[in-house]
Amino acid sequence: MANLTPPVNEHDQQTGSSNAPVTLVEYGDYQCPHCAQAHPLVKQLLEEKGDQVRFVYRNFPLSQSHAMAKPAAQAAEAAGQQGKFWEMHDMIFENQKQLDQDSLNKFAESLDLDVGKFSKDKESEEVASKVEEDFESGIRSGVNGTPSFFINGERLETYDGSYESLSTAVEAQK
Amino acid sequence: MLLEKGTAAPAFELHSAPDQTLKLSDLKGKRVVLVFYPNDWSPVCGDQIALYNEMLSFFQKYDAEIIGISVDSKWSHKAYRENGNIQFPLLADFEPKGKVSKLYGAYNEEQGRSQRALFVLDEKGTIQWSYLSPIGENPGADGILKALEDLDKQANEQE
């Protein structure tokens, strides 16, 4: 069975409790409908079990199928440089059907980001390589589609699109 | 039986487009990733082929060409490639049906289609890694990358 490679580290976007007993990692694509469907489930999990769960999001954009997947990933990482990765992450998933370059800039405005800096960071080498490194780590970890979840480093095979399949997996780790 | 490490990869020539064929020997001197998969259009294969389609730069880095093979016709492959913007060749193991898949031990007689099997060939056309995946399971690409990395390591040791 494939394990998370590399393990969660300081380059990862993470939220929830940093010393939580359970680390849940998602490989996602901002334009993938199944990922948008998983998004509120993860939010609910963090609300209900935030003290027990640390959540990490890694980018796995399937660019040939989803033209906006990579620009959206870069937008979220660029927002992260102004401390608002998760706000942008939520906004993109919640408005997935309206994704284009304009909407990404509008999201940045509505999050009160420095839009000039945001636009520059979005196209920067640093942000592009973060997204590529996430993708490569996904391949090495055996990701074969999105969303793919890992729980404490091991691939979660039992996620079936339901909240219960996530929460049960978290409970089993405690 | 799936052909295993150390076996010389059987030669083949199959249609890669309606007016074009591809011979394994055309790729001599390059590493080759052979992906046998059951069918165009079925959802799991779609994911698998789409995944490899995103990874072409990785395969290039290891000087490897990737090729898909199924029993679908050259016209099905053409439509499927156009539909999914697939950038690597898909070969039609169509007539006689499954002939090449059978040579590699990657044919399911009962269902009349290729198994979901992966092979990594070295520059000399010798199989260096093979893997048979359960039919409903997308095997991902971690095994392929690891096999290519091992080839790089061996090459470095010989230098």
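In which strand of chain A is Thr23(A) found? In this predicted model, Thr23(A) lies in strand β2, which spans residues 22-28 of chain A. With a relative accessible area of 10%, Thr23(A) is classed as buried, because the value falls under the 20% limit for that class. The side chain of Thr23(A) is in polar contact with the side chain of Arg54(A), at 3.2 Å.

The contact between the two chains was examined next. Chain A contributes 14 residues to the contact and chain B contributes 17 residues. About 1,300 Å² is buried between chain A and chain B, and carbon and sulfur atoms account for 55% of this area. Of the area that chain A buries against chain B, 48% is supplied by Gln64(A), Ile139(A) and Asn144(A), more than by any other three residues.

Polar and charged interactions also occur between the chains. Two salt bridges are counted between chain A and chain B. In a salt bridge, the side chain of Glu136(A) meets that of Lys61(B), with an N to O distance of 3.9 Å. Five residue pairs, both members at pLDDT 80 or more, are in polar contact between chain A and chain B. By class, the side of chain A that touches chain B comprises seven nonpolar, five polar and two charged residues.

Conventions: Residues are numbered from 1 along each chain as its sequence is written. Chains are lettered from A and ligands numbered from 1 in the order in which they are written. This is a predicted model: local features need pLDDT of at least 70, side-chain atom pairs count only at pLDDT 80 or more; totals for chains, interfaces and linings use all residues. Side-chain values use heavy atoms; hydrogens and water are left out. Helices (H or I, at least four residues) and strands (E, at least two) are DSSP runs, numbered from the N terminus. Buried means under 20% relative accessible area, exposed over 50%, partly exposed in between (1.4 Å probe, protein chains only). A polar contact is a pair of N or O atoms within 3.5 Å; within protein, one must be able to donate a hydrogen and the other to accept it, and residues adjacent in sequence count only if both atoms are side-chain atoms. Contact means heavy atoms within 4.5 Å. Buried area is the accessible area (1.4 Å probe) that two parts lose on being put together, summed over both. A salt bridge is a side-chain nitrogen of Lys or Arg within 4 Å of a carboxyl oxygen of Asp or Glu. Ala, Val, Leu, Ile, Met, Phe, Trp, Tyr, Cys and Pro count as nonpolar, Asp, Glu, Lys and Arg as charged, and the others, Gly among them, as polar.
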